[in-house]
Amino acid sequence: MEKTDLLSCSREELKELLKAAGQPAFRTEQVFSWLHEKRVPTIEEMTNLSKDLREKLTQSCEIPSLTIVTKLVSAIDGTIKYLYRLPDGNCIETVLMRYKHGNSLCISTQVGCRMGCRFCASTLGGLVRNLKPSEMLLQIYETVRDTGERVDSLVLMGIGEPLDNYDNVMRFLELLTDEKGYQLGQRHISISTCGIVPRIRELMEKDLQITLSISLHGTDNETRSQTMPINAKYPIEQLMEACRQYVEKTGRRISFEYALVSGVNDTPEHAKKLADLLKGMLCHVNLIPVNPVAERDFKRPPKERIYRFVSLLEQYGVNATVRRELGSDINASCGQLRRQEMKGEI
Ligand code: SAH
């Protein structure tokens with residue numbers, strides 16, 4: 001029988017589990033704190049539980065863990081990229097970025113991805129499986145353990161599509177932001193999506209204080225569908241309508257990711273179309289010079305064209321910045337290290 005993954009359990013589930021083991025209600029908070037506040041790696045270390053109870057729990061439950069396969073540290077800016085092995089042998093990537101305002105961690109939400117975006121390395125082998133809530137939490141917990149530093153903010157921008165693993169991501173957020181756990185504030189969390197409209201609407205109803213990031217990358221259906229298959233299902237008009245409603249409902253500014261690809265979406269006409277699309281919306285545009293992927297033939301525009309694009313957006317009244325590239329010496333953009341491992345290069 002498969003053991004219960006304690007780190008993925010909600011408070012309610014922990015309570016039921018402990019009740020079934022004949023334990024009083026106050027044990028729930030004790031166990032929750034061991035798991036998410038003190039973050040012990042084994043049940044054995046929960047020392048305010050009787051030895052009997054610890055043994056009983058160990059028979060039916062477990063605390064999963066990740067192991068570090070590769071750890072790359074950038075000599076340029078201190079960015080750390082981890083290739084973590086999951087309990088079932090699959091690998092995922094996690095990146096710690098250092099900013100003036102603190103440490104930001106980029107985590108994966110799935111093993112692989114089925115969204116098929118043409119410029120992205122994470123989707124090349126398709127989707128293997130969803131990550132469990134525990135496997136998302138552990139990317140933070142293990143990184144904090146390894147570095148001895150706090151993670152101040154979090155972006156769900158690693159391997160996978162967070163809204164394609166919706167229930168587990170929601171459970172993960174609930175556990176991570178719990179006042180008896182790691183206590184990361186919702187305002188320090190960003191979720192990035194390629195644009196699964198019904199899930200954006202579901203998320204909107206939750207009225208969270210997180211930041212929603214939309215991977216836009218194109219300003220019309222033809223260009224966007226060419227690189228992002230999801231656009232054929234949920235075209236730009238539907239996506240933008242959902243975004244406008246999202247801002248209205250939550251009062252939160254949306255962040256739009258726009259990867260600049262030379263000759264594809266980087267002309268002054270594209271800047272104008274982008275500005276028209278976002279007109280009047282509380283939003284910010286993050287321009288990312290596309291990261292070349294070995295298997296794909298996308299090139300970044302020359303610097304001048306990137307800066308012309310930003311200044312045009314600004315002239316049209318759209319708030320935009322070019323994302324600073326971190327860890328360029330360690331291949332820090334997600335998906336590429338896992339590919340190397342799968343090809344036997346690590
Ligand atoms: N699936 C989610 C989150 C993961 S990707 C999403 O689509 O938003 C995180 C961001 O990196 C997305 O904006 C994605 O479009 C972008 N990205 C992927 N490959 C890239 C590349 N080669 N160059 C630049 N950005 C890339």
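This is a predicted model: local features need pLDDT of at least 70, side-chain atom pairs count only at pLDDT 80 or more; totals for chains, interfaces and linings use all residues.
Me: Where is Lys 81 found?

Reply: Lys 81 sits in strand 4, residues 80–85.

Me: Is Lys 81 buried or exposed?

Reply: Buried means under 20% relative accessible area. Lys 81 has 0% relative accessibility, so it counts as buried. Strand 4 is mostly covered too, with 5 of its 6 residues buried.

Me: Which side chain does Lys 81 contact?

Reply: Look to Glu 93. A polar contact of 2.8 Å links the two side chains.

Me: How do side chains sit in a regular strand?

Reply: They alternate between the two faces of the sheet.

Me: Which strands pair with strand 4?

Reply: Take strand 3, residues 67–73, to begin with. It runs antiparallel to strand 4, joined by 6 bridges. Strand 5, residues 91–99, also pairs with strand 4 in the antiparallel sense, over 6 bridges. Follow Tyr 82 across the pairings. Its bridge partner is Lys 71 on one side and Thr 94 in strand 5.

Me: What lies between the paired strands?

Reply: Strands 3 and 4 form a hairpin with 6 residues between them. Gly 78 in that turn has a positive phi of about 80 degrees. Strands 4 and 5 form a hairpin with 5 residues between them. There, Gly 89 has a positive phi of about 100 degrees.

Me: How many residues surround the ligand?

Reply: 16 residues do, and Ser 215 and Asn 291 are among the closest. A side-chain N or O atom of Ser 215 is 2.6 Å from a ligand oxygen. A backbone N or O atom of Asn 291 lies 2.8 Å from a ligand nitrogen. The protein covers 89% of the ligand's 530 Å² of accessible area.

Definitions and conventions:
Residues are numbered from 1 along each chain as its sequence is written. Side-chain values use heavy atoms; hydrogens and water are left out. Helices (H or I, at least four residues) and strands (E, at least two) are DSSP runs, numbered from the N terminus. Buried means under 20% relative accessible area, exposed over 50%, partly exposed in between (1.4 Å probe, protein chains only). A polar contact is a pair of N or O atoms within 3.5 Å; within protein, one must be able to donate a hydrogen and the other to accept it, and residues adjacent in sequence count only if both atoms are side-chain atoms. A residue is near a molecule or strand if one of its heavy atoms lies within 4 Å of it. Accessible areas come from the Shrake-Rupley method with a 1.4 Å probe; for residues, only the protein chains shown count as cover. Two strands pair if DSSP finds at least two bridges between them.
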